[in-house]
Number of protein chains: 2
Amino acid sequence: MVAPLDEPAMASARQLQDRLTKPRCALGRLEDLSIQLAGITGVCPPPVPTPAAVCVFAADHGVVAQGVTPWPQEVTAQMAANIAGGGAAISVLARQHGCSLNVIDVGIAGDVSDLPGIEHRKVRAGTADLSVGAAMTADECDACIEIGRDVARRAIDAGARLLVTGEMGIGNTTASAAIIAALTGVSVDRCTGRGTGIDDAMLSHKVDIITGALGRLDKSATPIDVLADVGGLEIAALAGLCIEAAMQRVPVLVDGVISLAALLVADRMVPGVARYAIAGHRSSEPGATVVLETLGLRPLVELDMRLGEGSGAATALPIVVSAALLIGQMATFDGAGVTDKAP
Amino acid sequence: MVAPLDEPAMASARQLQDRLTKPRCALGRLEDLSIQLAGITGVCPPPVPTPAAVCVFAADHGVVAQGVTPWPQEVTAQMAANIAGGGAAISVLARQHGCSLNVIDVGIAGDVSDLPGIEHRKVRAGTADLSVGAAMTADECDACIEIGRDVARRAIDAGARLLVTGEMGIGNTTASAAIIAALTGVSVDRCTGRGTGIDDAMLSHKVDIITGALGRLDKSATPIDVLADVGGLEIAALAGLCIEAAMQRVPVLVDGVISLAALLVADRMVPGVARYAIAGHRSSEPGATVVLETLGLRPLVELDMRLGEGSGAATALPIVVSAALLIGQMATFDGAGVTDKAP
């Protein structure tokens, strides 16, 4: 169970916003965000959410055997190495924004224990093919959730005041769409997109694969059952990260469709987790919008990105920082000797 | 005359983007932005546009005598002081992003020569009431344009690699709407908004005032005639800033409706200036969207801000920096040993 947002802190933030030297509500969504940050942290003005920690969980997906992506599975390990090595988009953005960058292997296929800069916590070497049977066991799913919680806990203990979700896993838009369709009841074709670039035939095949897998799930399936059956190891870890951050009252800046699938599971497992989440970027994947609407979230930016890794969320991070700085540092009408408008 | 964007640099940027370790086009608008930056600067990868200089021009508007805003005129001087003193929204954002912040009085009403931190280059103490006659003379308009160019030149000489437009002037959404309607031919009611918060009656009155003023302009009015007749001193300075930046091949990050009115004039005076502009934030003012559509610009963020000062543009600044850092620092498929997708 997650505590509700702190109402007194939010009321104080609303009142403070109306005293700052600007027309009322003129900072638009930055004001809403400052109020949410006050509610999350229970402090007004809310603390500036820096430093932030980007947490990228990497894992493979057995369903790639079904031809749901044009990218070879080896790219998961290669890109995990590239992210840790500083050459990926998220590496550049984390440096720009002064974030720590944590890359965690929870399920890359094959032995990658020699990859430097990666925390090796592999639960299994990729999920099983979800088109054939459960992607993972309940125990494996629990283990990933615990790793996610542990990574969040350590990042917060090390000083992180905001967590940014990221992932790497060839095939993981398939698992995400399956989770989203299963938990929202929205049709599979409305939850499924082109991932990192597939054609019409492959998209149609991807929808068929997901539809087939969901046929195994009966009405009694819990969110964690869904996660284990059609999800992914990195998605389970991200769900754990979201839960732990909410429990510790630390905001989570959420990336695209994979992170949103994880947040949806987390919020269904522990109601209220989504109130601690800020949507960073509107992914081009249709499933992302399904989750955003379900959870009542509106992303801060919309830049037609479809990369993952946490890159969309990281791009939006300075806006969250701005929201906290503005409410904390702007002068008041009284303090600055500025005349308020005629009543 | 402004040079066209550098086509070879843009072609190089497009090719480089396709070699970076991500699916093609997966960075969406950040890729487009990197290509524009290459075209503006003529270099690929484009230089990182830091440090940036925020230039806030302040001036008063005689038309406030007609009751087009609930804010008293003295607020222009008070807010100019607040901006220079560090307490305004743009002050906070400029600090966050490491920008220099230049506040220039080109026409604040009354004597404010004792205000510290402000460059005093007053051309006249506020415009004349545009509902009665021309807001300023052609010479005064030219003087403001030259000040804007001079401020841009000095900022660039001092090391600025990007300029952010800002303004402060009670009543200036009225002048901006008048310019936009006059130069685009779009009806006054579609160009006029509620500024920093007016009711239906005041909005209707504002439309009538603008419509009346535009009746003076005949078909032969040049862009600079329009600017002098129904514009503002700070708007003329901003037009000059946009022109100088484009001539020096330095990107300009443009704020809301007042800055966009200035950019529109600048682009009509010197065709091609708008190609050097990046729209930061979509203002809530309808006239802003009219200019954006006319110039083919799409803002980077849309956060329901309606403050001015350059605050919307400044909020978007880190995204422009991200675009340059990503194309400049990401690894290539070859360099990082990452397998490209199946053809």
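The questions below concern the interface of chain B and chain A in a predicted model.

Q: What makes A:Arg298 and B:Asp304 a salt bridge?
A: The closest N and O atoms of A:Arg298 and B:Asp304 are 3.2 Å apart. The rule asks for a side-chain nitrogen of Lys or Arg within 4 Å of a carboxyl oxygen of Asp or Glu, so the pair qualifies. Across the interface of chain B and chain A the rule finds 2 salt bridges.

Q: Why is the pair of A:Trp71 and B:Phe333 called stacked?
A: The planes of A:Trp71 and B:Phe333 are 25° apart, and the label stacked applies under 30 degrees, so the pair is stacked. The rings count as a pair because their centres lie 6.2 Å apart, against a limit of 6.5 Å. A search of the whole structure finds 2 aromatic pairs over all chains.

Q: Why does the pair of A:Trp71 and B:Phe333 join two chains?
A: A:Trp71 lies in the loop between strand S1 (52–59) and helix H3 (74–85) of chain A, while B:Phe333 lies in helix H14 of chain B, so the pair joins two chains.

Q: How much area do chain B and chain A bury between them, and what share of it is on carbon and sulfur atoms?
A: They bury about 4,400 Å², 62% of it on carbon and sulfur atoms. B:Trp71, B:Leu303 and B:Lys341 supply 13% of the area that chain B buries against chain A, more than any other three residues. The contact takes 56 residues from chain B and 55 residues from chain A.

Q: How do you know that the two copies are related as by a two-fold rotation axis?
A: Chain B can be laid on chain A by a turn of 180° and a shift of 0.0 Å along the axis, with an RMSD of 0.0 Å. The two copies are therefore related as by a two-fold rotation axis. The same surface serves both copies, with 98% of the contact residues of chain B recurring in chain A.

Q: Which residue of chain B comes closest to the rotation axis?
A: B:Val301 does, with its C-alpha at 2.9 Å.

Key: Residues numbered from 1 in each chain as written. Chains lettered and ligands numbered in written order. Predicted model: local features only at pLDDT ≥ 70, side-chain atom pairs only at ≥ 80, totals over all residues. Heavy atoms only, no water. Contact = heavy atoms within 4.5 Å. Buried area = accessible area lost by both parts, 1.4 Å probe. Least-squares fit on C-alpha atoms with pLDDT ≥ 70 in both. Phe/Tyr/Trp six-rings, centres within 6.5 Å; stacked < 30°, edge-to-face > 60°. Helix = DSSP H or I, 4+ residues; strand = E, 2+ residues; numbered from the N terminus.
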